[in-house]
Amino acid sequence: MKRRDAKPIILSLRDVDKRFPHVHAVNKVSLEIREGEFVALLGPNGAGKTTLLEMVEGLQTPDSGEIAIAGLNYKNNERAIRSIMGLAFQETRFPEKIKVSEALQLFGAFYGASSARVSEVLDLVRLKDKKHAYVNTLSGGQRQRIALGIAVIQKPKLLLLDEPSTGLDPHARRDIWDILKELKQLGSTLLLTTHYMEEAEELCERIVIMFKGSILADGDLSHLLEKHAGHEILEFRLRQPNAKIQESLKKLKGVSHVNLDTAAGMGIMHVDDSAKILPGFLKSVGRENLKAFAARPLTLDDLFIKMTGRHLDD
């Protein structure tokens, strides 16, 4: 089996920086993505991920730093880059009177796609039975599948998806996921932004977390959970919470994070081992003071909140 780092780099960012008035949107970001990787770029609103993606797409120009796609830069090779990159956004608008097959043929013509390729993509996005239907008669999920088909019509080396399933119902979202999984089996490379933690965990083996223009974490999920937080979450409710209890819990061995809402009496802890921490926990909070207690595995959502202080959809 080939190691991941033996595969060619398809996207390289070196100290990429972008400022707007009063906002440092992207702060000296460096990132490499290799062929075949599926990477989720996560961050709350205002984290800089959309600006970063727009610079990779060539829609924005960095103030400084370097961006290369398959070793090419926009200054000298924009046309070549466009031929190897596929894009799909949260919403794609189509002409009112265009059929599904016509939409794919139209965009495919820009890349010299054959009729056989159009038919192949119709199969991929599960719309062969709708090829003669007008796009404006389709559901939101079906239209998003057309947009995905257009994004891959030229068999791009790099696929960029900006929140492709936002606003779709769970069934339509799963349809998108199934198509992306098939593309992964075909060797595609994906950079995905999403507001759904489940989507990132389901599709991507690598997670990149951005906040305030910088990358806070980068790696596979199990590595990130082990490196940046404990292995379990303790959730509890107290009858009489106070700041002294929180300080006492922070001092326990094997605890990496404590947050206690003294007004609501609800707390959360990141710990290495809930069984080992339990005696010290009960001593700190007091058995009679404990109203409820539960332990569960750590999730990507827990890690994200710990690192940014916000939920992904904030």
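Modeller: What follows is a walk through the sheet, then the helix pairs.

The model is predicted. Its open sheet has three strands in the order S2-S1-S4, and the pairing is antiparallel. Strand S2 (23–34) and strand S4 (64–69) are the edge strands, each pairing on one side only. From one strand to the next the twist averages 15°.

Start with the pairing of S1 and S2. These two strands run antiparallel and are joined by eight bridges.

Strand S1 (residues 9–20) is joined to S4 by five bridges, and the two strands run antiparallel. Arginine 14 is opposite glutamate 66 in S4, and leucine 11 is opposite isoleucine 69 in S4. Strands of a sheet pair in this way through backbone hydrogen bonds, either parallel or antiparallel.

Lysine 18 and aspartate 63 form a salt bridge through their side chains, at 3.7 Å from N to O. The distance falls within the 4 Å cut-off for such a pair. In total the structure holds 15 salt bridges. Side chains of opposite charge can pair when their charged atoms come close.

Two helix pairs give the context you asked for. Two packed helices are described by the angle between their axes and the distance between the axes. For helix H3 (residues 100–109) and helix H5 (residues 140–152), the axes come within 9 Å and cross at roughly 25°. That angle is under 35 degrees, so H3 is roughly parallel to H5. The crossing of H3 and H5 is right-handed. On the H3 side the contact is made by Val100, Ala103, Leu104 and Phe107, and on the H5 side by Ile146, Gly149 and Ile150. Sorted by class, the contact of H3 with H5 has six nonpolar residues, one polar residue and no charged residues.

The second pair is helix H9 (residues 243–250) with helix H10 (residues 274–285), whose axes come within 9 Å and cross at roughly 160°. An angle over 145 counts as roughly antiparallel, which means that H9 is roughly antiparallel to H10. The crossing of H9 and H10 is right-handed. In H9, Ile245, Ser248 and Leu249 meet Phe281, Ser284 and Val285 of H10. By class, the contact of H9 with H10 has four nonpolar, two polar and no charged residues.

Notes: Residues numbered from 1 in each chain as written. Predicted model: local features only at pLDDT ≥ 70, side-chain atom pairs only at ≥ 80, totals over all residues. Heavy atoms only, no water. Axes fitted to C-alpha atoms, helices over the stretch in contact; angles between N-to-C directions. Helix = DSSP H or I, 4+ residues; strand = E, 2+ residues; numbered from the N terminus. Parallel < 35°, antiparallel > 145°, perpendicular 65-115°, else oblique. Left-handed = near helix turned anticlockwise from the far one by under 90°. Contact = heavy atoms within 4.5 Å. Nonpolar A, V, L, I, M, F, W, Y, C, P; charged D, E, K, R; others polar. Pairing = 2+ DSSP bridges.
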